[in-house]
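I set out here what I looked up in this structure, entry by entry. The notes follow the order in which I consulted the model.

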Amino acid sequence: MQTTSINENSVKDLTEQLRKLEEKYESQKQMTEMTIGFLQDANEKLTEAKDEIDKVNKRVQQSINYAQRIQQKILPSDQKVHRLYPDSFVLYKPKDVVSGDFYYADEDDRFNYLAVIDCTGHGVPGAFLTLIVNSLLESILKENKSNRADILLKKLDERLFYYLNKNEGVKKIQDGLDITFCMKEKSSNKIYFSSTHQRLYHVSSQTIEEYKGASYSIGEFSKRQEKLINHQLEFEQGDMIYLSTDGIIDQFGGQNNEKFKRKNFKNLLLKIADYPIEKQQKIIDLTFEKWRGNKVQTDDVLVMGIKL
Amino acid sequence: MVTTPSELKTTRNTLFDCLYKDEYTKVYFIQEKNLLVCEALQEYIPIEDFKKVFHFITLNFSLFDQVDKFLFDKQSLRVFHQPSMEWYFVFWKREMFEEYGLVNHVKILPQNLPWFEASVKAGRAQIEEKYKDLVIDKLNIEYVSSIEEIV
């Protein structure tokens, strides 16, 4: 009688355990189906979102590529640069498709003009500014009767400031540019130049002279504008001058992931100044790429070298 | 083992450990943090046992010292019963919010089980789609990876 009772309890227990196991199994099954459905749904939504992002990305890319074509139009053609400076190179490596760096080369009766310009930022915002600056620079040079590069930069400073801040009630724009602006006199062996936050390097007879730009940015338009100086450089035939934005010296890389630095750049220029111009460009480019390694390009890069 | 309401009264204002324990769950209160914890002990909790422990919490909630946060430690769970979760989410949380103003909920999910995490998201999405007047927007729900992290 007792045995029967124990057996009955055991069966009851087992039945209950079985019921719970079945419930657990059923829950597991439902949970799996629900999760698969949820993940499939999420996957579909992600695929749709990715397609949409791809479409938008393609449109933006096409737009930027077109902007690049416009920006290339403001750069002097290779033919023009080589006509004005027959033995010269331009190493131009925008960080993005469009660039905040650009160069300018033109002439009038008295001068060959040359400028290396670094507008605030890079990419699309920088590129917008290059278009404005190029246009302002052209109009200033059309009116030029002076041999003072600093005066021309002061005019550019004023005009850029008013151009960017002409709308009343709109927050002031602090954007601007750093520049090295050169005027090579046609009738002499003189170059007049002025610079902000950049350096001009003059290599002559295996010595290098470094001209430091003013610690002032064009577009600021303040009393500090007085810091702009007009330099005058006399050169011998075969001397080299180099102009550069800060992209190359600020590039991170090397063994310790540090900046390339001005000192290394200066030493490199001194080392290569006697080489043929194409070789110089190639060495600077290779040195830059070797330094960068697999690191992202920090900024737009622009270096110009002119054999005088 | 279930702590009776009278026992709870006698242990108020002291640091006590276990208030409730059965085969599936354990409830305890960490007084210095005003944290009430319900810990799952098994891979799976049948619905009647699930409701039992949460009813215990509801019935005795007013007897605890002020509870700032409620933590549901699901680390041992591997399977959940969606109707249980629905009840917990829709009924129990609302009741605790409206009756006792419980807004701070903390959860610990099983660690390194992305599949379980996805299932929780799936279950929650299903509930949110089914019920439009959830109190969820009024609650602070926080995820931590261990009790130590919150304590």
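**Entry 1: the end of a helix in chain A.** I looked up the residue just after helix α6 of chain A and found A:G293, which takes a positive phi of about 60°. I note that the model is predicted.

I then turned to the helix itself. Helix α6 of chain A covers residues 277–292, 16 residues in total. From its first C-alpha to its last it reaches 23 Å, close to the 22 Å expected at 1.5 Å a residue.

Entry 2: Which residues of α6(A) are buried? I found A:Q280, A:I284 and A:F288 to be buried. Seen down the helix axis, the buried residues of α6(A) fall within an arc of 65°, so they line one face of the helix. I recalled the general rule: an α-helix has 3.6 residues a turn, so residues three or four places apart point the same way.

On the face turned away from the buried side of α6(A), I recorded the exposed residues A:E278, A:K279, A:L286 and A:K290. I next checked what the buried residues of α6(A) pack against, and listed β1 (88–93), α5 (262–272) and β12 (301–307) of chain A.

**Entry 3: strand β4 of chain A.** I looked up strand β4 (residues 177–185) of chain A and found it mostly covered, with 8 of its 9 residues buried. I then followed its pairings. Strand β3 (residues 111–119) of chain A runs antiparallel to β4(A) and is joined to it by 9 bridges. Within this pairing, I noted A:F181 in β4(A) as the bridge partner of A:A115.

Strand β5 (residues 190–195) of chain A also pairs with β4(A) in the antiparallel sense, over 5 bridges. Here the bridge partner of A:M183 is A:Y192 in β5(A). I recorded β4(A) and β5(A) as a hairpin with 4 residues between them.

**Entry 4: chain B.** I counted the secondary structure of chain B as 5 helices and 6 strands. From the N terminus on, its elements run α-β-β-β-α-β-α-β-α-β-α. Of the 151 residues of chain B, 23% count as buried. Among contacts in chain B with a separation of 6 or more, 72% come from residues 24 or more positions apart.

Methods:
Residues numbered from 1 in each chain as written. Chains lettered and ligands numbered in written order. Predicted model: local features only at pLDDT ≥ 70, side-chain atom pairs only at ≥ 80, totals over all residues. Helix = DSSP H or I, 4+ residues; strand = E, 2+ residues; numbered from the N terminus. Buried ≥ 20, exposed ≤ 12 C-beta atoms within 10 Å, placed from the backbone. Contact = placed C-beta atoms within 7 Å. Pairing = 2+ DSSP bridges. Expected span 1.5 Å × (residues − 1). Arc of directions from axis to C-beta.
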